[in-house]
Structure formats: structure tokens, C-alpha cells
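Please look through the model below with these notes beside you. Each point covers one local feature.

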2 protein chains.
Amino acid sequence: MGKTFLEVKTVRFLHTGDWHIGKKLHGYDLLSDQKQILDQILDIAITQKVDALVIAGDLYDRSVPSVEACELLNQAFIKINLQNNLPILAISGNHDSAVRLRTGMPWYEQTNFHLYTDLKQSFTPIEMDDVQFFLLPYFEPITARVYFEEEKLSLQEAIKKIVEKMKQAFNPNKKQVLVTHFFVAGSTRCDSETPIEVGGLNGIPYELIQDFDYVALGHLHSKNALNAENARYSGSPLKFSLSEKDDSKGVWILDSKNMVPEFHQLEPKRDIRVLQASFETLTDPDFYQQQERTSFWYFQLTNRSVITNMMNQLRAIYPNILGVERVNGRDQSNLLNKVKQRKKSPYQMLTSFFEEITGDELTEKQRSWLEQGLQQAIDTEREEQ
Amino acid sequence: MGKTFLEVKTVRFLHTGDWHIGKKLHGYDLLSDQKQILDQILDIAITQKVDALVIAGDLYDRSVPSVEACELLNQAFIKINLQNNLPILAISGNHDSAVRLRTGMPWYEQTNFHLYTDLKQSFTPIEMDDVQFFLLPYFEPITARVYFEEEKLSLQEAIKKIVEKMKQAFNPNKKQVLVTHFFVAGSTRCDSETPIEVGGLNGIPYELIQDFDYVALGHLHSKNALNAENARYSGSPLKFSLSEKDDSKGVWILDSKNMVPEFHQLEPKRDIRVLQASFETLTDPDFYQQQERTSFWYFQLTNRSVITNMMNQLRAIYPNILGVERVNGRDQSNLLNKVKQRKKSPYQMLTSFFEEITGDELTEKQRSWLEQGLQQAIDTEREEQ
């Protein structure tokens with residue numbers, strides 16, 4: 001691109017995000033898992049000698065986190081920034097309360113802990129050696145409309161104007177990194193994300209952000225959600241849903257010299273495990289003593305008969321059970337069907353439910369009844385709004 | 001006391017507390033009043049050239065304050081500590097969540113903003129010139145029991161041990177100031193405080209804290225709640241209940257040279273006003289145009305007849321009405337009776353209610369029925385516990 005980088009110190013940074021501190025998995029508290037994973041992230045940062053930690057939003061799981069979640073995140077920041085003198089570049093995501101998160105922010109700045117929660121802050125890059133970091137927190141279109149004083153502005157149009165304004169601050173002798181928290185069109189979703197659907201928009205077109213040397217994204221929980229040349233989702237550091245059972249979780253490390261993301265895997269304290277077996281196998285000491293019993297288990301039971309007190313017997317051996325389903329030898333991919341279920345329309349969901357229960361397809365007559373019923377439900381809802 | 005203070009710089013400090021940011025008065029939002037009053041406190045601090053601001057707990061009104069309350073307090077701290085470089089010495093009170101409040105605390109320390117929320121922190125004084133400030137946040141007895149590893153420890157015993165431990169750090173060449181948030185025995189309560197009644201204890205005996213040169217107290221909302229030689233409640237900076245209508249609110253300023261508290265009054269944006277008048281007077285333009293209509297009004301109506309749509313007519317003129325009562329010429333001190341009502345026993349409350357309604361006293365028979373009824377209620381409650 002005609003840029004020259006002679007004798008300029010480069011920046012090595014770690015890209016993570018979607019920590020969702022305080023999140024529960026099927027009702028199980030994840031705080032101890034999150035503490036362990038944050039310690040691992042810090043260990044990687046130290047071992048890999050990075051110059052900064054980039055956190056792409058959703059630090060907390062909700063706008064009013066529990067005191068335990070507050071304590072955990074605060075302690076993590078103290079360790080990273082004050083005890084290890086590592087600069088932090090973080091933004092708020094759609095799960096965070098911008099105002100609650102920025103408590104103390106002007107004091108954090110004193111030790112290079114930059115926590116941006118306001119669109120206005122995004123136009124002034126944080127400069128580190130040969131990199132300009134632009135920190136664009138999650139925002140609602142109304143915020144952009146107020147900022148740009150335009151009554152109608154879609155999220156897409158807002159991002160376009162924001163990037164244009166950022167470009168005015170681009171230094172041609174430096175590289176530019178955008179840190180942001182949105183859905184980029186064409187990315188793949190998973191079950192633990194809260195969809196952002198504003199104004200019927202599917203997401204930000206990738207073209208709008210392609211002029212950055214790297215885009216450190218947050219929001220989607222899989223590191224492979226987007227396969228673009230210069231943009232990556234870090235993914236969440238832990239698995240937050242059954243649909244992520246086969247994902248590998250970790251962080252990206254980049255060097256401003258070449259901006260090639262390098263994946264570093266994280267090892268959870270308790271992993272999600274899906275197992276198809278009979279009740280007799282699962283409760284056989286010879287079997288279960290070989291297993292990591294404290295994992296988050298999802299069992300696909302092959303038994304056909306009724307088992308008295310089944311859940312209590314299983315829980316006595318496996319304390320963290322996400323769910324048990326009966327596969328009955330009839331449909332061995334039931335789990336994946338269930339996972340896919342959520343993405344079906346109400347019509348599809350009802351027909352597949354009918355088929356699963358009765359083993360028959362709906363007749364023409366039944367299909368027409370179903371359509372009429374659904375239409376009535378939609379009409380009623382519209383009237384009420 | 002045999003102490004000598006030759007050529008030592010003295011400390012001038014402002015003592016405030018019980019800000020209760022986010023508190024409402026009879027449903028009315030006080031945020032704009034609180035913003036104005038915090039600005040006044042800062043103005044006094046600057047004009048009076050104080051070296052530090054002491055805040056004796058209850059910064060927020062509840063453990064999870066609204067985002068508007070968070071924003072207001074954060075902006076106040078930014079103005080005081082970062083923009084005006086004034087050191088802050090603050091503790092958490094019984095209304096604050098210690099964990100939520102201490103978010104960012106280790107970063108605040110860098111600019112002499114000390115926010116102590118943990119009993120453990122209280123034993124190391126903050127030293128400023130000739131003063132040692134001991135910051136003892138509000139705590140529950142269980143915290144002291146864990147800290148001192150004693151299974152049974154009343155609040156009184158805990159404070160005794162804490163003060164003994166603090167005394168080990170006393171520097172005889174300096175003065176000692178204790179900042180704390182408790183009920184000191186013998187103090188006078190008012191209606192806007194949440195009573196702290198732990199283990200049936202009435203409060204901390206004054207003798208326990210008399211060895212400090214000054215005790216900057218928080219918790220009670222009247223500056224005159226305690227009349228001790230070396231201890232004062234700052235009182236709340238605003239009136240938070242009708243019972244405080246005649247209080248004057250303000251801050252104390254002290255100089256370590258003599259430790260004599262000097263009162264500086266605060267002027268609220270909207271004061272509480274109690275007025276006895278007829279509906280005709282209150283709605284007469286010649287009258288109300290002379291009044292500060294946006295005050296928080298409490299009216300004692302002298303009319304006897306029914307007035308249609310009374311509250312709406314009054315609210316159209318006086319937007320902030322705390323209450324309206326009918327005095328009917330019969331009992332002109334009704335308001336004060338109501339205020340006192342809350343401190344009565346159930347038996348006293350019922351007899352005075354009977355007398356107010358019927359104009360007669362209870363007969364012997366009626367008194368005996370009432371006693372039996374109350375006893376039954378108490379017995380039932382005991383059984384249920």
C-alpha cells in the first residue's frame with residue numbers, strides 16, 4: 001500500500017472478547033471457570049510478550065452484573081493492568097451497560113487502561129508505536145442519529161459515516177486496527193449469542209471495514225464466525241452453549257509487522273461433553289471412573305424402558321448435567337435436530353414436532369389448518385402492537 | 001494532651017456524608033437537586049481552601065443505583081478529584097454495596113482518592129501533614145467476627161477491638177481523625193434514616209471513640225444528631241423527609257490546628273415548605289405568584305367541605321406536592337402527630353387512632369379486647385417463625 005515501516009517498533013497484541021462474566025450455562029455458575037480462563041489469557045499475554053490486550057466488548061453478561069461478577073472482573077483488570085503493567089484496550093458490547101462499565105474510566109486512563117463506551121471516543125485513535133487503534137463500542141442507531149444530527153440513519157449508514165470520519169485521522173505511516181462489537185454480514189451465528197437486529201438489517205457489510213489493517217471483532221462466539229482476510233471474531237473464551245461443543249476456544253495474537261492472526265487455544269476447567277450410552281454403562285464404576293466426571297455432560301440415553309429416579313442417580317455421579325435425551329435407537333442425531341430447531345420458523349417447528357411424535361406427515365387438510373392458525377396468531381399480535 | 005505541633009503544616013478538611021445519590025423524596029426524583037448541592041459542596045471546598053474532602057458513607061441510596069445516579073456520582077468525583085485535584089477520603093455506608101462501590105478503587109488511589117469499603121483497610125491510617133485519618137467503613141458484625149476469628153462478637157465489642165488496634169498505629173506527634181458510619185448511642189434519629197439495629201444493640205457508646213481528636217460521622221441525617229465534644233454527624237446535604245423541614249443542611253469544615261467544627265450552610269434548589277391555608281388562598285393568583293411554587297409543598301388545608309378534583313387543581317399550580325392533610329380547625333398539629341406516630345407501639349398506635357376517629361377514649365372492656373388481640377397476633381407470628 002506504499003506504506004514504509006523503517007526502524008519503527010512494532011506492536012504485538014492479544015485479541016479477545018465476549019467474556020460475559022457472570023454468565024450461567026444451563027443454570028450452572030461459571031465464575032470459577034471464568035476466573036481460570038482469565039488467568040490463562042493473562043498467562044498467554046505474558047508468555048507471548050504482548051504489548052497490549054484488546055477486548056472487543058461484552059465484558060459482562062448483563063447490564064447489572066452480580067457483585068461476584070463485578071469482583072471477578074475488577075480483580076482481573078487489577079492483575080492485568082496494575083500488577084503486570086499491561087495496557088488494555090477495551091470497548092463495551094451490547095450486553096454491557098455503558099454507564100456502569102465506565103465507572104472509574106478517567107482514572108484507568110492513567111495506567112493505559114482504555115475502556116471506551118461512547119461513540120464520541122472512537123474518532124481519536126490510541127497510538128502505540130506503529131499502530132493506531134480505533135475503539136468503537138457497541139451503540140444503538142439512535143446514538144449515531146444524535147451524534148451526526150440526522151433523523152434517519154441506519155446502522156449501516158452510521159458505520160459508513162463513522163469509518164469515513166476515522167479515516168481523516170489515519171496516519172499513512174502507521175497501521176490501523178479497528179476494535180468493534182457488531183454482526184458483520186455473512187458471519188455464522190451460534191446459540192449463545194443475543195441477536196442484534198436493528199432496523200431489519202442483517203449486519204455491517206464487510207466492505208465498510210476493509211480499509212483497516214485488522215478488525216478485532218466481538219459479538220459472535222465462534223472464532224470461525226467470519227473468514228475475512230483482515231477481520232476476525234475472537235470468539236468467547238469459554239463454550240456458552242451446547243451448539244459450541246466442538247468449537248476450540250482461544251485468543252488471537254497479532255504482530256503489527258504482518259497482522260497475521262495466530263491462534264492460541266485455551267483449556268477450560270470443565271468442558272462440554274456429549275455422550276451416547278446406556279444408563280447401565282453410565283452408572284458402571286468401571287466406566288465412570290475413567291471419565292472427567294465434573295465436565296458439563298449431555299447424555300443421549302439408548303435405553304427404551306422407564307428408569308426410576310434416573311436424574312438423581314446420574315447427578316450423584318456426574319454433578320454437572322446439561323441435559324439427558326432418549327435416542328431410543330430411532331433417531332441418533334436428535335441432539336443436533338434440537339439445536340437446529342431454534343432456527344426454524346413456527347410452521348417448520350410445528351410440522352417437525354408433529355412428525356417426531358406421530359411418525360406421520362401432516363395431511364393437506366392439517367397443513368391448511370396450521371397455516372390458518374398461525375396467520376390468526378400473527379394478526380392478533382399485530383393488532384395488539 | 002502533651003502533643004506538640006511546632007512548625008508542622010496543618011490540614012483543613014471538609015466533612016460531609018449521606019449523599020444518598022439517587023434517593024427520591026415522596027416519589028420525586030432528586031437528581032437535579034443532588035447535582036446542584038454537590039456543586040455547592042465543591043464550591044465551598046474551593047473557596048474555603050480545604051486540603052481534603054471527607055465523605056462519611058452512604059454515597060448512593062441503594063446497593064444497585066440507577067445509571068443516572070452512577071453517572072452523577074462519577075461526574076462529581078471527576079470534578080472534585082481529577083479537575084480540582086482535591087483528595088477524597090470516603091467510606092461505604094449501610095446503603096452502599098461495598099463491592100460495587102470499590103470498582104476502580106486501586107486506580108483512584110493514584111490521585112489521592114481513597115475509597116475504603118473493607119474493615120481490613122481501616123487499620124492503616126491515611127497520613128496528611130499533621131493528621132492520621134482512619135477510615136472505618138460500615139460493616140456487619142459477621143465481618144468483624146471473621147476478621148478477629150471470634151465466634152461471638154457484638155458490634156460494640158468489635159468497635160472496641162478495632163479502636164484498640166487503630167491505637168497501635170497512633171503517632172503521638174499527630175492528630176487522629178476517625179471517619180465512620182454508625183449509630184452512636186444517645187444520638188437523635190429522624191425519619192429518612194434506615195435504622196441499623198444489630199443484635200438488639202442501640203449503638204456504639206461514645207466512650208469507645210473519644211480518644212480521637214475528631215470523629216467524622218455518617219448515618220444520621222441531622223447535623224445536630226449528636227452533641228459530643230469531638231464527634232459530629234455531617235448530616236445529609238439535602239432534606240430527605242418531612243421531619244427535616246426545619247433542619248439546616250450543610251457541611252463541617254475543620255482545621256487540624258484546633259479541630260473546631262465550623263458549619264457552612266447549603267442552599268437547596270427546592271426546599272420543603274409546610275403551609276396551613278385554605279384551598280381558596282392556595283389557588284389565588286395574588287397569593288401563589290408570591291410563592292416559590294416549585295418547592296416541595298406540604299399543605300395543611302383548613303377547609304371542611306369536599307373539594308372536587310382538589311389534587312389536580314393544586315398540582316397545576318404547585319408541581320411538587322409532598323402531601324395534603326385536612327386540619328379542619330380541630331387539630332392543628334396533626335402533621336407532627338403523624339410524624340411521631342411511627343415511633344409508637346402497635347397498642348399506642350391503635351388507641352390514638354381510635355381517639356382521633358371517635359373523639360372518645362377506649363373503655364376498659366375495649367382496652368382488654370385490644371390487648372388480647374395483639375397478644376394473639378404476636379403468638380401467631382412466633383409460631384410461624
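1. Start with helix H1 (residues 31-47) of chain A. It has 17 residues and reaches 24 Å from its first C-alpha to its last, close to the 24 Å expected at 1.5 Å a residue. The expected span is 1.5 Å times one less than the number of residues. Helices here are DSSP runs of H or I with at least four residues, strands are runs of E with at least two, and both are numbered from the N terminus.

2. A note on the basis. This is a predicted model, where local features need pLDDT of at least 70, side-chain atom pairs count only at pLDDT 80 or more, and totals for chains, interfaces and linings use all residues. Residues are numbered from 1 along each chain as its sequence is written, chains are lettered from A and ligands numbered from 1 in the order in which they are written, and side-chain values use heavy atoms, with hydrogens and water left out.

3. Which residues of H1(A) are buried? Among them are A:Leu31, A:Ile37, A:Leu38, A:Ile41 and A:Ala45. Buried means under 20% relative accessible area, exposed over 50%, partly exposed in between (1.4 Å probe, protein chains only). Just after H1(A), A:Lys49 has a positive phi of about 50°.

4. Most residues other than glycine have a negative phi. A:Glu149 has a positive one, near 55°. A:Glu149 sits in the loop between helix H5 (141-148) and helix H6 (155-167) of chain A. A:Glu149 counts as exposed because its relative accessibility is 72%.

5. Now chain B. Strands S15 (residues 296-301) and S16 (residues 321-326) of chain B pair in the parallel sense over five bridges. Pairing requires at least two DSSP bridges. B:Tyr298 has B:Gly323 in S16(B) as its bridge partner.
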